[in-house]
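Please keep the sequence and the coordinates in view while reading.

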Amino acid sequence: SAFADADTDKLVINGEIDIITTTVAPAHLENVDTIYSGWHFRSDETQAFQMDDFDNPGMIGVEKASENWDTVDGSEGKSCASCHGEAESMAGVRAVYPKYNEEKGKVTTLAMEVNNCRTERMGAEKWKYTGGTMTDMVALISSVSRGMPVNVAIDGPAQSTWEQGKELYYARTGQLELSCANCHEDSYGMMIRADHLSQGQINGFPTYRLKNTKLNSAHARFKGCVRDTRAETYNPGSDEFIALELYVASRGNGLSVEGPSVRN
Amino acid sequence: MKILAISAALTAVLATGVAADTVVPSDVVYEDGAVAMSLSGKAGDAAAGEKIMNKGAGNCIACHQITSLDYLAFQGEIGPALDGAGDRWSEAELRGIVANAKVMFEGTMMPSFYRTEGFYRLGDAYTGKAHPGNPEPLLTAQQVEDVVAYLTTLTE
């Protein structure tokens with residue numbers, strides 16, 4: 001790629017959690033040497049929101065999810081806490097998802113795991129895949145892994161899903177015929193109209209966007225980007241987006257989990 | 001029969017507002033990426049073309065900078081600056097680039113503005129929903145001509 005106009009600022013959250021926002025690309029990446037968190041491509045003002053949890057509007061969702069974590073729901077009379085204890089027990093989980101689930105025989109996302117526990121272990125209704133309640137919960141689970149390097153597995157039983165995701169990443173869609181790679185691999189660091197293009201990493205998800213003032217899931221973001229190519233999108237939670245999430249996550253192997261992050 | 005068919009064709013032409021001497025996207029002939037003849041059969045209007053560079057149909061400045069349009073904020077950096085494009089390229093080449101840049105620049109990121117076939121997962125504009133059949137081209141034949149007329153004025 002032509003040039004990476006990522007800034008050189010350092011991200012430390014609450015003065016104690018060091019975030020790896022720049023590192024050497026994982027070996028499977030053919031066209032990129034260095035990977036950057038999307039944080040580097042945002043303005044100083046936007047970046048600052050993430051340096052302290054009191055300033056991070058995404059932490060409001062984390063607080064709401066903490067209440068839900070302890071709230072009994074469903075026919076089994078259980079809460080997340082009944083089985084998992086403190087939310088801190090989820091430390092490390094976000095870093096390895098999406099992940100192959102032996103029992104389901106497929107790669108699953110965090111949101112799918114949460115709904116699986118709700119429907120099969122709590123006897124509760126599932127939450128809407130990209131809805132606020134779910135995205136808040138994924139943000140809570142992410143928040144306890146902040147600072148840990150993303151490390152999703154791409155081989156073994158996950159490999160065919162990963163390959164499907166890679167194909168989707170390079171497919172040029174819609175009437176504008178643009179792929180994820182056109183914008184986030186060939187053109188990161190450049191301006192596309194008013195937007196400073198990042199590498200489209202998902203280590204920061206869920207992201208609180210100043211634009212729509214809420215936490216956004218990775219699949220909602222994917223949908224928006226595909227729609228902007230004047231294409232028919234895939235649905236959040238679809239096999240295609242699960243595969244794409246695994247592939248995109250793997251492009252960020254080595255960056256710290258950062259969610260909930262703040263973007264514009 | 002023949003007269004009926006012709007008048008049906010004429011009605012269709014009038015209904016879509018496409019003039020009879022317009023070359024439809026699938027009939028455009030490219031020679032080394034260039035297109036010799038006007039797509040609308042008419043001359044372009046450079047002032048109308050300048051407007052198309054901005055947000056809306058063309059949105060060319062999403063990817064290109066044009067110094068003389070510095071009143072338009074947020075010009076992109078994906079493609080080369082278009083300053084001097086009228087010196088670098090002939091009118092026929094500019095027409096070819098605007099109509100379907102992928103003929104001149106293989107694999108380019110620049111969208112094809114006058115092409116209606118061969119898309120993957122075509123959507124209905126920006127709705128995210130599928131578009132049945134072929135779409136309207138991003139620019140009409142006359143809009144392509146207007147843009148080309150404008151680009152020829154970009155000399156240094």
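Helices (H or I, at least four residues) and strands (E, at least two) are DSSP runs, numbered from the N terminus. The model is predicted, and local features therefore need pLDDT of at least 70, side-chain atom pairs count only at pLDDT 80 or more, and totals for chains, interfaces and linings use all residues. Residues are numbered from 1 along each chain as its sequence is written, chains are lettered from A and ligands numbered from 1 in the order in which they are written, and side-chain values use heavy atoms, with hydrogens and water left out.

Chain B contains five helices and zero strands, and its elements follow the order α-α-α-α-α from the N terminus. An unreviewed UniProt entry lists residues 44-155 of chain B as "domain: Cytochrome c"; UniProt positions are given in the numbering used here, feature names are shortened, and annotations may be inferred rather than shown by experiment. Over residues 44-155 the chain is 33% helix and 0% strand, with 17 Å between the end C-alpha atoms. Of the 156 residues in chain B, 39% are buried, where buried means under 20% relative accessible area, exposed over 50%, and partly exposed in between (1.4 Å probe, protein chains only). Contacts are heavy atoms within 4.5 Å. Among the contacts in chain B with a separation of 6 or more, 55% involve residues 24 or more positions apart.

A straight helix of 14 residues would span 20 Å at 1.5 Å a residue, but the end C-alpha atoms of helix 4 are only 14 Å apart; the expected span is 1.5 Å times one less than the number of residues. At Val98(B), helix 4 bends by about 90°, the bend being the angle between axes fitted to the seven residues ending there and the seven starting there. Val98(B) is also one of the buried residues of this helix, which include Leu94(B), Ile97(B) and Ala101(B). Helix 3 (85-88) and helix 5 (141-152) of chain B are included in what covers them.

How many residues form the largest nonpolar core? This core has 34 residues, and those with the most contacts inside it are Leu39(B), Met53(B), Ile66(B) and Leu151(B). Helix 4 and helix 5 of chain B each supply at least two of its residues, and helix 5 gives the largest share, six residues. Apart from this core lies another, of 33 residues, among them Leu29(A), Ala181(A), Phe205(A) and Leu246(A). A nonpolar core here is a set of buried Ala, Val, Leu, Ile, Met, Phe, Trp, Tyr and Cys residues joined through side-chain atoms within 4.5 Å. Beyond residues up to four places away in sequence, Ile66(B) touches Met53(B), Ile61(B), Gln75(B), Leu82(B), Asp83(B), Tyr150(B) and Leu154(B).

In chain A, Ser79(A) occupies the loop between helix 2 (58-69) and helix 3 (80-84). Ser79(A) is buried because its relative accessible area is 6%. Gly105(A), in the loop between strand 5 (99-101) and strand 6 (106-108), is by contrast partly exposed, at 43% relative accessible area.

Helix 8 of chain A (residues 218-227) has Ala218(A), His219(A), Phe222(A), Gly224(A) and Val226(A) buried, and what covers them includes strand 10 (214-216) and helix 9 (239-251). Arg263(A) lies in strand 11 (residues 261-263) and is buried, with a relative accessible area of 9%. Its contacts, leaving out residues up to four places away in sequence, include Trp39(A), Gln50(A), Tyr208(A) and Glu258(A).

Some backbone features remain. A cis peptide bond joins Phe205(A) to Pro206(A), with omega about -5°, and Pro206(A) lies in the loop between strand 8 (195-196) and strand 9 (207-209) of chain A. The peptide bond from Gly259(A) to Pro260(A) is cis, with omega near 5°; Pro260(A) is in the loop between helix 9 and strand 11. Glu177(A), which is not a glycine, has a positive phi of about 50° and counts as buried at 10% relative accessibility. Ala125(B), likewise not a glycine, has a positive phi of about 50° and is found in the loop between helix 4 and helix 5 of chain B. At 27% relative accessibility, Ala125(B) counts as partly exposed.
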